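Hello,

Here is the structure I promised to hand over. Please open it before you read on.

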Amino acid sequence: MSEKIPLLIDTDPGVDDALALLMAFHSDAHEVVGLTIAAGNVGLEHTVRNALKLREVAGRPDVPVFPGCSGPLVHVPREDAAHVHGRDGFGDIGYPGPAGTAADEHAALAILRLSHEHAGRLLLVALGPLTNLALALRLDPTLPQRVARLVVMGGAATAHGNITPVAEFNIGFDPESAHVVLSEFPRYDLADWEATIAHGFHHRRAEAWLAADSPRARFYEAISRQTRLWSEDRRGELWHSADAMAMAWALEPEGALEQAERPVAVETEGRLARGLTAVDWNRQTGAPDNARILLRYDQARFESRVEAALAAA
């Protein structure tokens with residue numbers, strides 16, 4: 001058996017997902033065993049196509065891509081993030097279509113199968129809405145017993161949302177699925193939107209990384225151009241990549257400088273509260289701590305990993 005850590009990524013590519021995937025493919029300590037794909041940033045047709053293209057750019061056509069859920073399990077899909085990522089999720093640059101094709105197996109079934117194949121060792125990283133994972137859990141509630149570590153990019157630990165006043169995009173897109181996953185996994189790591197905002201990159205520094213003479217950097221520079229311009233206009237001198245932040249912590253947990261373990265629940269009701277990740281900071285409910293929340297990460301390690309992933313041949 002390989003000594004590398006098996007890594008399964010559930011994702012909805014998306015520009016920031018693409019950067020996280022490049023980081024994962026570049027890790028010597030991990031072996032990406034699959035990409036399970038959901039709708040989220042844009043529709044499923046685009047997110048699957050983007051995943052296929054990204055693995056091609058990374059030189060990893062062997063990594064299987066499993067199409068999953070085309071929308072939330074319960075409600076009609078809410079607005080996607082095409083205004084940030086482009087209508088196709090990759091900046092509308094008109095990239096040539098990928099050479100490979102997706103697997104026939106549904107993402108939820110692939111999650112369950114791979115959890116058996118790598119039982120007790122699997123690192124599961126969720127970068128998009130949690131629809132595929134919720135469906136997998138409904139099919140087999142014993143899934144958490146076989147996952148060594150679940151890292152979720154989602155939520156807003158003090159309710160400073162980015163899609164509603166209190167909800168972060170991934171949780172707000174499908175709160176019911178988030179409720180299922182974050183209540184049925186007894187322990188997980190949560191890299192939330194507020195950790196993302198605390199760990200931005202200066203635009204000029206990022207542009208220097210993107211000038212690297214490598215196919216990965218050239219492709220990523222092109223697909224991220226629209227969202228970087230949007231970010232500079234809306235958020236100022238720092239550019240933020242939520243999924244890259246979560247992936248850095250997943251790949252290198254020792255880079256975490258400050259974490260907090262608390263009970264977390266997802267609100268599914270109410271016009272204003274729906275999608276809220278309710279953190280019981282003062283442990284008033286008596287619920288067990290189920291989430292390890294990232295508060296501060298080594299910025300130098302984070303940036304070094306991003307830069308290396310973009311510069312890789």
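This is a predicted model: local features need pLDDT of at least 70, side-chain atom pairs count only at pLDDT 80 or more; totals for chains, interfaces and linings use all residues.

**Helix α7**

Start with α7, residues 175-184. Seven of its 10 residues are buried, so the helix is largely enclosed by the rest of the structure. Buried here means under 20% relative accessible area. The buried ones are Pro 175, Glu 176, Ser 177, Ala 178, Val 180, Val 181 and Leu 182. What do they pack against? Two helices are among the partners: α5 (131-139) and α6 (169-173). The strands β5 (147-153), β6 (188-191) and β10 (264-266) are partners too.

**Largest pocket**

The largest pocket holds about 510 Å³ of space. It is lined by 30 residues, and Ala 81, Val 84, His 85, Asn 162 and Phe 169 are the closest to its centre. Elements that give two or more residues to this lining are α1 (15-26), α3 (82-85), α6, α10 (215-235) and α11 (242-251). Of these, α10 gives the most, with five residues. By class, the lining has 12 nonpolar, nine polar and nine charged residues.

**Second largest pocket**

The volume of the second largest pocket is about 180 Å³. Its lining has 14 residues. Nearest the centre lie Ala 148, Arg 149, Leu 150, Arg 187 and Tyr 188. β5, β6 and β12 (291-297) each give two or more residues to this lining. The most come from β5, with four residues. By class, eight lining residues are nonpolar, one is polar and five are charged.

Best wishes

Methods
Residues are numbered from 1 along each chain as its sequence is written. Side-chain values use heavy atoms; hydrogens and water are left out. Buried means under 20% relative accessible area, exposed over 50%, partly exposed in between (1.4 Å probe, protein chains only). Contact means heavy atoms within 4.5 Å. On a 1 Å grid over the protein atoms alone, a cavity is a set of points where a 1.4 Å probe fits but cannot get out, and a pocket is an open set with protein on both sides within 12 Å along at least five of seven lines; lining residues have an atom within 4 Å of a point. Grid points are joined across faces, edges and corners, and a volume is the space filled by probe spheres set on the points. Ala, Val, Leu, Ile, Met, Phe, Trp, Tyr, Cys and Pro count as nonpolar, Asp, Glu, Lys and Arg as charged, and the others, Gly among them, as polar.
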